[in-house]
Amino acid sequence: MPVPWFLLSLALGRSPVVLSLERLVGPQDATHCSPGLSCRLWDSDILCLPGDIVPAPGPVLAPTHLQTELVLRCQKETDCDLCLRVAVHLAVHGHWEEPEDEEKFGGAADSGVEEPRNASLQAQVVLSFQAYPTARCVLLEVQVPAALVQFGQSVGSVVYDCFEAALGSEVRIWSYTQPRYEKELNHTQQLPAPSTLRQGSELLSSPESVPRTFSLWVIWLSSPWGRFFEHWIDVGDCRGLEVWNSIPSCWALPWLNVSADGDNVHLVLNVSEEQHFGLSLYWNQVQGPPKPRWHKNLTGPQIITLNHTDLVPCLCIQVWPLEPDSVRTNICPFREDPRAHQNLWQAARLQLLTLQSWLLDAPCSLPAEAALCWRAPGGDPCQPLVPPLSWENVTVDKVLEFPLLKGHPNLCVQVNSSEKLQLQECLWADSLGPLKDDVLLLETRGPQDNRSLCALEPSGCTSLPSKASTRAARLGEYLLQDLQSGQCLQLWDDDLGALWACPMDKYIHKRWALVWLACLLFAAALSLILLLKKDHAKAAARGRAALLLYSADDSGFERLVGALASALCQLPLRVAVDLWSRRELSAQGPVAWFHAQRRQTLQEGGVVVLLFSPGAVALCSEWLQDGVSGPGAHGPHDAFRASLSCVLPDFLQGRAPGSYVGACFDRLLHPDAVPALFRTVPVFTLPSQLPDFLGALQQPRAPRSGRLQERAEQVSRALQPALDSYFHPPGTPAPGRGVGPGAGPGAGDGT
């Protein structure tokens, strides 16, 4: 059963506070102002464009304070909406500039100058409202008579009726003049939430029995042993309003309960099966519109599952009935939760935009400050460069800049919050490579061109030159020479000082160069010896490569060739034959496949075996007579026909001995039937000359193995069933299958 995480419970108290709200009749907005002032509301909304601050030409009206009040806007007695009334208090700021030529005229009054001083003041006051998902801006025109214009004094207020907002929503209000002479005022108003309280299965319907607020009990499970801590969040409830039964959206909305099951968070909405409502999750933003995360229209009871890592302080829940003009309920229960803040920092990222500009990307706004630090290789902590640089306040999603001249992989950005390090990233390492073994020199400039240098080290900043025993002190003279010769990279510069990055690797490696060189030569020689031994052992273990070429006279002969190839594979030989490469042969073509196999075999010191048959002899004779292969009943996979185009040049140019071996089967073809050109290499009959044939297949300089006869018998036994099947097929009394010169019974016996 899920463990309760958020429990909705009634706040204790026998005398709940009940708010009495003023009723406004009619849908139109209106405005009124303090006695003596005149004001007017523009008929339509305007664009929310504050613009830049401009200098005041003289005395101007400026908003000094915002005051809000909840009222009801009613169409009928029982059909009202909650509305926010805003009062803007105004004062006179600025003063008249003295005329430049006043003394020239002896202080005489000029009617063109005095008239503006006695004139009334006018202002256009903008009110900007934002309540997710609604935003609007209205314009109020205010005029103050000259009698009330006193510099620095309040002149009264102008009241706007009114801005309708969803129950439970957070309304943000800004006020400024147009044009804008000063920074805008801002105010945030949290509206009461709709009733989300149930007791058992019955909705609490008596306004006297329900207090103005309810509480959200947050229980974080911090370990499997049940340790937890709790946090209370107060949320307004519209049932605390005296006229709650006049607001339809207060009557019935889903009851929301949040529970946890392991690493998952469940949003449980207990409503009737017929009720339709919308549910939205969004990130509430201090600046800018909210960022929607998830939205669905649902019906009846629902359980929505979230990952606990998705909970951040600005994650809010919005619920509303799917009815025309329904009011939406907004609840943000994670604002003060420590683990939500921990998730926020885990989701925050630093992004480098240009050499000098970067920003902090995070779901929610957060208080933070950032500074540069220098990180040296070796695992030492990153050392903040404060001073000479300073900490800068950080705003989420706002571009920030550091006054750098050049980037460096050792420069990193540290982000602190509440004096605790939260983020550290070396933004320039991605584009400039890994950390370098450089020393950072800090130059401090004083009066009369006095300057001092120190090298930043884990123990502190070592003055240069220095007699200390640190690395930078020992190499201080060389570092100063590099700085003067321009070999150091300047990272920052202003009137108070500068930062320089000087390379150190050349000094560290110089004294060990000869030692390293000797070690490398020794390691290279040892590796070469081991590699030669490994290659020799690997070649011996793999065996010699053998490419078997034959003419596919018929299917029976192909089976005989396959048996021979399989038997040879039992020896230390790597046999290649087209029977086992039909897919490659079809894809590449016979000529390309044979050329590739022949080149690889000869490059590895292997041997090409020409297995002669009556069909092969006939093809060779045609090639020797015409120079081309004549047509015949040969399949598309006949590599022997394709191989003659490059086999013959090897024989004609004398390159065949040592790389080629001929063979034929007893009782199928006599060796004398093989064309004379191909008898320039040994031609063996099988299986009678198997020992000599296997000896010719060994490596050229390999010693004659005493097991050669044993291996020949092994191959003969493996080959005999195929020979018997070929020369004595079942149901065929005649043993002869010859189809070419020298074929027939007894051909291999010489009789």
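Modeller: Helices (H or I, at least four residues) and strands (E, at least two) are DSSP runs, numbered from the N terminus. Bear in mind that this is a predicted model: local features need pLDDT of at least 70 and side-chain atom pairs count only at pLDDT 80 or more, while totals for chains, interfaces and linings use all residues. Residues are numbered from 1 along each chain as its sequence is written, and side-chain values use heavy atoms, with hydrogens and water left out.

Colleague: What's up with the phi of Asp397?

Modeller: Asp397 is not a glycine, yet its phi is positive, at about 65°. With 36% relative accessibility, Asp397 counts as partly exposed. For that scale, buried is under 20% relative accessible area, exposed is over 50%, and partly exposed is in between (1.4 Å probe, protein chains only).

Colleague: And where does Glu419 sit?

Modeller: Glu419 is in the loop between β29 (411–417) and β30 (420–425). Glu419 also has a positive phi, about 60°, without being a glycine. Its relative accessible area is 78%, so Glu419 is exposed.

Colleague: Let's zoom out. How many helices and strands does the protein have?

Modeller: The protein has 14 helices and 40 strands. Of its 751 residues, 43% count as buried.

Colleague: And what share of the contacts is between residues 24 or more positions apart?

Modeller: Such pairs make up 66% of the contacts with a separation of 6 or more. A contact here means heavy atoms within 4.5 Å.

Colleague: Okay, helices. At what angle do the axes of α8 and α14 cross?

Modeller: Roughly 175°, with the axes of α8 (residues 555–569) and α14 (residues 708–727) coming within 9 Å. The two helices are therefore roughly antiparallel. Axes are lines fitted to C-alpha atoms, for helices over the stretch in contact, and angles run from 0 to 180 degrees between N-to-C directions; under 35 degrees is roughly parallel, over 145 roughly antiparallel, 65 to 115 roughly perpendicular and the rest oblique.

Colleague: Which residues meet there?

Modeller: From α8 there are Gly556, Phe557, Leu560, Ala563, Leu564 and Ala567, and they meet Val715, Ala718, Leu719, Ala722, Leu723 and Tyr726 in α14. Eleven of the residues in this contact are nonpolar, one is polar and none is charged.

Colleague: Which strands hold Phe129 and Tyr160?

Modeller: Phe129 is in β7 (residues 121–131) and Tyr160 in β9 (residues 154–164), so the pair ties together parts 31 residues apart in sequence. Phe129 is buried at 1% relative accessible area, and Tyr160 is buried too, at 0%.

Colleague: Last one: Asp438. Buried or exposed?

Modeller: Buried, at 12% relative accessibility. Asp438 is in strand β31 (residues 438–445), and its side chain makes a 2.9 Å polar contact with the side chain of His408. A polar contact is a pair of N or O atoms within 3.5 Å; within protein, one must be able to donate a hydrogen and the other to accept it, and residues adjacent in sequence count only if both atoms are side-chain atoms. The C-alpha atoms of Asp438 and Met504 are separated by 5.2 Å, though they are 66 residues apart along the chain.

Technical notes: Ala, Val, Leu, Ile, Met, Phe, Trp, Tyr, Cys and Pro count as nonpolar, Asp, Glu, Lys and Arg as charged, and the others, Gly among them, as polar.
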